[in-house]
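Please take a look at the structure shown here before reading on.

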Amino acid sequence: MRLRFGSGWTLAALAVALVALAPSLTVLWSLTAPTSENWAHLSATVLPTYIGNTLKLMALVAVLTAVIGVGTAWLAVSTRFPGQRILNWALVLPLATPGYIVAYVYTDLLSFAGPVQTALRGVTGWSAADYYFPPVRSLPGAAVMLSLVLYPYVYLLARTAFQRQSAALFDAARMLGARPWRAFIRVALPCARPAIAGGLALVLMETISDFGVVDYFAVPTLTTGIFRTWFNLGDVLAAAQIAAWLFVFALALVFIEMVSRRGRVANPLSRDLAAQPRKLKGLRAAGALAACALPVILGFVIPALVLLRYAIIEGDPLFGRRFLDFAWNSLSVAAVAAALTTVLALLLAYGERLHPTKFNRVSIRLATLGYALPGAMIAIGILTLSTDIDRAFAAFANKSLDFSPGLVLTGSIAGLVFAYVARFLTAAFNATHSGLEKIHPTLDAAARSLGAAPKRVLSAIHVPLLRGALASAALIVFIDVMKELPATLLLRPFNFETLATRTYRLASDERLAEASTAALAIVAFGLVPTILLSLSLFRSSTPSVLVPNYTEK
């Protein structure tokens, strides 16, 4: 049987897809194993609670991030007010702040013994029984914490979509008597629906995979259930079966996102220009400024200032050589994972460009499914897979070579990097594929007509033109790896501490002042890449006035 692979690129794409999917397939394979008593107990008692809380958290985060992200994106594109240029890129800054760090800060600020309630009682003279203060460590509180750092996903995509909408559509609605708010609801918002859906899908994928916030707030979700089952009950199989439920949630999100992006949105050829922004004055300008500044202040400025104050006053007791080791561990694995993921993303994107067959598209879609899968699930799959491989290798070595090799893959740096690559390959591929689509196919045809092989075309033409896209892909993965907590907690080698695990361990012991140094370092290391990424995205999001703007998904 002759397979139409065409070249080694298709085989390489298939190999990458299989390797990236191996952890997930391992977790799904656990469903075929006989159920244990622990699983029967979990499914009858706490599993419904895990599922219900996960759904509630997803719903609250979706509403909050949609309101914040879409609202600020529309104000940034359709209006002009003082401070707007700074806020356009500053609205992306909360991406540099992990959700669990924001949760630690606001728990300390808003708790009963915190400065906010203490000042309130001092001013009013109230006692604890005289007033009600919403509990921070609750499911709604977790939703707020996650929304403060995840709304930039919606903001970035919605802003680009609004910016690329033709003025003719909005002007037609205004000429028919629709007020700006009604024109936004009836025209701009439906046209931006695919982009908003994509942003919300990313937000919800991050929500179901979060561990730091829900664990610190004692909200039982599927992710916390995995850790409790593994560490408290010592039942890896039951933990993998809970992770399979997360896989169902992830697949549902991918399906919903694909369905919501169907269709075609076309702008008229004659006026492919964005609508002219309205200049706001007085109270309207102040309201727009407050609406755009508040998410930045709450999601970035206040946490950064609190952490800076704690770091100056007390800080990490191990600050020095040991702390530099933590920072080096984080930076090294983030850099290696970012480089490796970007290379694999380029391989997949170029393979699809050379042979855009259905087989290639399906393989690449499978390979880039990892971002929809929680880090805890991927970690369980890798740990199970590496343990089986180590056992098989140990049995072979004992029988054939007469020596005991011990654990080779389990608990190694390679397994940790593998988890990062499988988790964040999607983000790198999307950035690389988007940049590759902007290179006209005639350049490939001209180079091939001169005798250049595909490898030569890639190195001599595409890579130089893709420097910006490849840099964006690497920056995205670098930021995500620096913040990743669940996979790092489960797969890190013994005595291998990163800034994320150091922050989590100290904050879990209610030692926020000591955790502030590592938390501030995470924010600082992610800040510069976030700013560079936001500026590059805004520069590339300006629509062309020469080519009609078509969006098809």
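The model is a predicted one. Helix α3 covers residues 47-78, and helix α7 covers residues 139-163. Their axes come within 6 Å and cross at roughly 40°. That angle makes α3 oblique to α7, since angles under 35 degrees would count as roughly parallel and those from 65 to 115 as roughly perpendicular. The crossing of α3 and α7 is right-handed.

Helix α3 also meets helix α10, which is formed by residues 193-209. Here the axes come within 9 Å, and the crossing angle is roughly 140°. α3 and α10 are therefore oblique to each other, because an angle has to be over 145 degrees to count as roughly antiparallel. As α3 passes α10, the crossing is right-handed.

Side chains of opposite charge can pair when their charged atoms come close. The structure holds eight salt bridges. One of them joins the side chains of Glu206 and Arg423, at 3.9 Å from N to O. Glu206 lies in helix α10 and Arg423 in helix α18 (residues 413-437), so this pair ties together parts that are 217 residues apart in sequence. Glu206 and Arg423 are both buried. They also belong to a network of salt bridges that links Glu206, Arg423 and Glu484.

Another salt bridge is formed by the side chains of Arg492 and Glu497, with 3.1 Å between N and O. Arg492 is partly exposed, with a relative accessible area of 26%, whereas Glu497 is buried, with a value of 10%. The side chains of Arg511 and Glu514 meet in a salt bridge as well, at 2.5 Å from N to O. Arg511 counts as partly exposed because its relative accessibility is 31%. Glu514 has 16% and so counts as buried; the cut-off for that class is under 20%.

The next topic is a part of the surface. Ile297, Val301, Leu305, Leu308, Ile312 and Ile313 make a nonpolar surface patch of about 550 Å². Of these residues, Leu305 is found in helix α14, which spans residues 282-313. Its relative accessibility is 54%, so Leu305 counts as exposed.

Two loop residues remain. Ala218 lies in the loop between α11 (212-216) and α12 (222-232). Although Ala218 is not a glycine, its phi is positive, at about 60°. With 53% relative accessibility, Ala218 counts as exposed. Asn495 is found in the loop between α22 (486-491) and α23 (499-508). Its phi is near 65°, again a positive value in a residue other than glycine. Asn495 counts as exposed, with a relative accessibility of 83%.

Technical notes: Residues numbered from 1 in each chain as written. Predicted model: local features only at pLDDT ≥ 70, side-chain atom pairs only at ≥ 80, totals over all residues. Heavy atoms only, no water. Patch = residues over 30% accessible without salt bridge, like charges linked within 9 Å, V, L, I, M, F, W, Y side chains within 5 Å. Areas by Shrake-Rupley, 256 points an atom, 1.4 Å probe, with all protein chains shown as cover. Salt bridge = Lys/Arg side-chain N within 4 Å of Asp/Glu carboxyl O. Helix = DSSP H or I, 4+ residues; strand = E, 2+ residues; numbered from the N terminus. Buried < 20%, exposed > 50% of the residue type's maximum accessible area, 1.4 Å probe, protein only. Axes fitted to C-alpha atoms, helices over the stretch in contact; angles between N-to-C directions. Left-handed = near helix turned anticlockwise from the far one by under 90°.
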